[in-house]
Every structure is written in structure tokens, then in C-alpha cells.
Amino acid sequence: MIMKLPPGISDSVFNLAIKEFEQAVGKDWVFTSEADLDLYRDAYSPFKGEEEERVASAAVAPDNVEAVQAVVRTANKYKIPIYPISTGKNLGYGGSAPTLSGSVVLDLKRMNRVLEVDEANASCLVEPGVAYFDLYRHIQEKGYKLWIDTPDPGWGSIIGNALDRGGGYTATKYRNHFDAHCGMEVVLANGEVMRTGMGALPGAKTWQQYKSGFGPWIDGMFSQSNFGVVTKMGFWLMPQPEGYLAGRVEVFKYEDLIPLVDIMSDLENNGIYTGMPMLDVPLINPSMLPGEAMRTPPPAEVQAILSKPGGPTAAELEAYCKQHDVGLWGCKFQYYGPEEIVRAQWAYTKKRLSVIAGARFSEPEFYTMPLTPEQMQKVHKVSLGIPNLEMFFIGARSPSNPNPTRGHIWFSPIIPRNGREVFKAQRVFSEASRQLGLPVFPLAIATTYWERAFIFIFGFPITDDIEFNRKNREAFRELVKIAAANGWGEYRTAPAHQDAIMATYSFNNHALLRFHETVKDAIDPNGIISPGRYGIWPKNLRGNKV
Amino acid sequence: MKQLTSCLGTIAVLLLSSGQFLAAEPDLQQGQVVYERWCAPCHAPGNIYPGTVALQTKYEGKIPAALMARTDMTPEFVKQFVRTGVSIMPFFRKTEITDSELDNLASFLVTKNKN
């Protein structure tokens, strides 16, 4: 058996722990063979084929909270690092592999029960193994008039995505998956179970109704961290709206992005639209059909303008747009609600945007719920809370991508929400990409999962070429530094880059990280839960930073 | 292959009748559930499915692009791809698709067009 043991753990101690894990979860659900452990590698690892690849020493898959407690107690007794995963589908941000090689993966996929859906309160309580597909199916089968908010790939864990602070595509209130949660159950490093919010009050009927409970609201400490094993989480769900309306605006001058962003944000902050505003670049992708943007390369003439050394000028872009009667920037506005209301909201949106000279508006799409199967094929599914896997067009073989990749990891900095800063980010990242030998996207556009701020998302392809992957890792680190020098920080990252990114959040001599470390040492003194996750190392491994 | 399947089926019946459960008839219904849950979101017929478009591009129509239309797959072939992944498709753990579910999935995909 080839096995990478946890640091400082002998064979005999490890074997004792494995026996106890087997007693806790049953022999069938403790994995130690090489073939089984291969399934706990990160399918999108940027280290594949290299010594640094993060690999597990074993995997343990409990199917209830008591078994999780037993596993955690054993790990604590023998000081064996464990790495909880929910569905293990955090692809592009680490997959199912641990941050520290030799950790035992605590695979919670079998805990896949939808424990409660309260239609009147529009909320649910789920276990970590419940995927977006599962909750969607459950709601459909029961006929509840509720929507979920799903990220692009629907097979991820509702809990895992929220804990990694992922985002989705429906109404403002639900797109921030961590913010949409209401109440948690956590197994602590000593094996004790704790409930947060109203869950701490025995007999409370408001665990999924009132978020913060009494006293310090500590839920955030269990996201992007290693302070506990979350075994249940409540979420607020979106009541199925009567209707959905989407309308687009296109503007034709380069600087039009500035008022477009200002008006877009003001309308969002005033609740004029509740859906996700989706900025786009029509001259690159005129069709904007679902999936099409990922499959169709820009017209050759556009590619020629974009790939000019030094990037395109505003005049060149505007001339192309005028000649081809296509917008330079666009934005789709989305509305959920009764028809008379969403049509009035769209009319008001158009009125506000009409101050931009030449702004052109589409005829809006409007649907009442439920959608017909034909409509379902046409819409941007995630905007209507329908889980799917269409995002995997990124990287998959297709006519526009004859050489498929083996995966990707995401570089995703948070950028201030204004048009001038978008221009600046486009310039800074284009220049950096040229210098680092990366593909250049001079018109990369900001995304709006969250209110108030933008996020830029760049995918770094992963291949089987070790040298290519190594160069990309170095380029990634450079981009992190360049972003930080401009005041832009990443929102989330894969284990490969967690230390590097945490190091940029360095105000007052890394006061924030030092606080995390103080907490870690106090509540997990043996440092057993996910050592190194998000840059937080327990005291015995603090030299492990990369 | 068909002969082997029916031969295994006979063995399974014999074993079952003698009270042992070492081999069972494939549960094609469960295989279909696994297909619909894990494969169809990427491999169903249609150009909105990345797996289907990828196979259409790769084989240029020489082999059907949608998994359900293929007749060339063996159970071993199906199991190999599920457990090792290919290109952008990750592998699937045993907590996602158990070995027996995988057997049933493979049987379902291999036999669906032969009846």
C-alpha cells in the first residue's frame, strides 16, 4: 500500500486510528487503497504529476452526525489531520483533495438528507452532501412553490458552496450563498456538537427564521476556515415569482460603461430590479444565447482588433460597433414578480438609462411560472434557479475549443463597482498577462454576483504538461501581487494559492491572520481540522506555509 | 458479450437459489437513475450539453454523440471513464456512485439499445 501518512504520525498510530474510523462508520466507508484514494485527488489539481500534489492518506465517509463526532474524537485523540468535504465538487477551487497532504478526508457526501423544507417560511435545512440538483429535485417532487439559488455547476453542495462563500444568479437576497444561510450545526474539534443562531435555544422554532440568535454571531468563522465541521445548515429560499422579465440595453461608446455602471448600481441599490445585472460585451459575443458565449469565438475582425499589440483603442472599438451596428457594452436586467410590476420596473430602467446617448433596448423576454419545457431550454437556467452543468463548456472540447483542458483554477479578484476601475483593471491585467505570457483579454468584463462590488474571474487552464502548469502557478502568484498592489483582493481560491492570498490581507502586520491563528489554537489545540485551509495553520504546522 | 451476460445471469440465479448473494442480476432501473442523476446533465442528447458537444466534435458523427445512443461501449469502458475521468470531466468517488451502482449504470448503458 502506497500511502502518504499525516506529518509526524507513525504507521502504528495511523492503523489504530483507521480501526476506530472503521468502527465509527463501517469498514466499507473507510478508504485506504491507492485506487480509492485516487478518487480523493483534486481532478483539477495544478500540481498533477508533481511531488507537491495534495493527496489524502485515507478517506472516511460517515452518514450521520454521531459518526462524524466519533471520527473527530478519534482524530483528536491521535492528532490526525482531517479534511471535511461536502460533495467534493469544489472544482477550480480545490476539489476533494486536502490542503495538507496526508490528511484524512472526511467525506460527508453520504449525509445527503434534505431535513426540512418550510414552504410558508421559504426555508430549508440540509446536510452537507445535498447538492443543488438534489434540493431542486426534492422541491419539484413535493410541488413546493420555491426556487433555489444555484451556482453554475449544479452538482455542488449547498453547504459547501456557502461555506466557501460562493454565489449564484437569482435575486439579490439569495445570490450570496453564505448570506442566505440561517443557522448552523457544527461539530467542534473536541467532538462536541454546537448549534448557532436560534438553534442554541432548545425548543426554538425559529432556527431557520432568525439568523443571529443572541450574543456574538459566529457563523462567519466557519466559512473559508478550519474551525469546525458543519453538519447542518439552514437556508432561505426564494418564493417562486409569478413572472420573470429580462431586458437588455446596448451602448456604443467606450466611455458609456461609466454611466451604465453608475445607473445599474443605483437601480440595484434602490431595488428597482432584483435579479442579477449581467454586463456583457456584445461586439465579442453578439448572440448572447445560453451556452453560446462559451462556444463561439468572436468574429475574426474583432479578434484582430483585440489582439493588436498594446490592445485596442476606444476609437477602433467604436468604429467597429458603428459599422456592424452592435453594442460595445451591454447589460441584461432581470426582474422577478407579477407582470404589471416587472414591466413597470423595466420601463423605469429604460427611462434612467436613456440619458446615455444612443442606448438601445431589446424587446424584453417575459415568462410566467412554471416554465414550459421549451422555455426551459431557451432561458439562462441559473437565473431561474435551475441547476445544470452547462458551464463545463469552458474547457470541454467543442468546435471553438479543439484542444480540451484537464481543468481550470480561477483567479477572482474583487474590484470596486465603477466603470473607471473596470477600465483600470482591464489595462492592468492585460499588461500583466502580456508580460507573463498569458492569454490577454483586453475587454474582460466584471461580474455582479454580489451587491456593491465587482468581481473579475479569469480561468487558468490546467493541463498534463507539468512545465505549463508550473509557469501558470507562478503567473497566478504574480497576478495576486499585482492585484493587491492596486487594492484588489481575491474572494476565494484553491489550496495551491491560499497562503499567498492570505498573505496579501496584511493590514497591521497581518493582524487578521494572527487573530485566526489565535482562534485556531484555542478551539482546535491539536490542529486536526483542515490544517492550512485558507492560510490558517495550527501552531504545530505553522512553518508549512507556501 | 451477450452470451457472457446470460451465462452470468444463470450463475446469479443458481447462487440466489442456493441462498447466496455473491452476484446479482443488474438492476437496470437503478442504472437508469444513476445515468439521469450523474451522466445526463452533461451527456443527454442536444447541443446544450457539454459532454455531448465534446463527443460530437471528437468523433464528428462517426459514433453517436449522446451516451444513450451509443452501442459500442462495454461495461469496463463505462467504469473506466467514471473512475478516472477524462479531460474536463472529473472522476466520481464511491460515495457519489458506489461500485454496485456503477455496475448497474454500466449494464444499463450497455444493454439499453440491445432490447
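Analyst: The residues lining the largest cavity comprise 11 nonpolar, 1 polar and 1 charged. Here Ala, Val, Leu, Ile, Met, Phe, Trp, Tyr, Cys and Pro count as nonpolar, Asp, Glu, Lys and Arg as charged, and the others, Gly among them, as polar. The model is predicted: local features need pLDDT of at least 70, side-chain atom pairs count only at pLDDT 80 or more, and totals for chains, interfaces and linings use all residues. Residues are numbered from 1 along each chain as its sequence is written, chains are lettered from A in the order in which they are written, and side-chain values use heavy atoms, with hydrogens and water left out.

User: How is a cavity found, and what is the volume of the largest cavity?

Analyst: Rolling a probe the size of a water molecule over the atoms shows where empty space is left. A cavity is a set of points, on a 1 Å grid over the protein atoms alone, where a 1.4 Å probe fits but cannot get out; lining residues have an atom within 4 Å of a point. Grid points are joined across faces, edges and corners, and a volume is the space filled by probe spheres set on the points. The largest cavity has a volume of about 140 Å³. Of its 13 lining residues, Asp149(A), His177(A), Phe235(A), Trp236(A) and Leu237(A) are the closest to its centre.

User: Which classes of residue line the second largest cavity?

Analyst: Its lining has 7 nonpolar, 2 polar and 3 charged residues, and includes Asp42(A), Glu53(A) and Arg54(A). The volume of this second largest cavity is about 80 Å³.

User: How many residues of chain A and chain B are in contact?

Analyst: With contact taken as heavy atoms within 4.5 Å, 42 residues of chain A touch 23 residues of chain B. Buried area is the accessible area (1.4 Å probe) that two parts lose on being put together, summed over both. For chain A and chain B it is about 2700 Å², 67% of it on carbon and sulfur atoms.

User: How many salt bridges are there between chain A and chain B?

Analyst: Side chains of opposite charge can pair when their charged atoms come close. A salt bridge is a side-chain nitrogen of Lys or Arg within 4 Å of a carboxyl oxygen of Asp or Glu. Between chain A and chain B there are 3 salt bridges; Asp36(A) and Lys94(B) form a salt bridge at 2.6 Å, N to O. Over all chains the count is 43.

Conventions:
1 Å grid on protein atoms, 1.4 Å probe; cavity = no way out; pocket = protein on both sides within 12 Å on 5 of 7 lines; lining within 4 Å.
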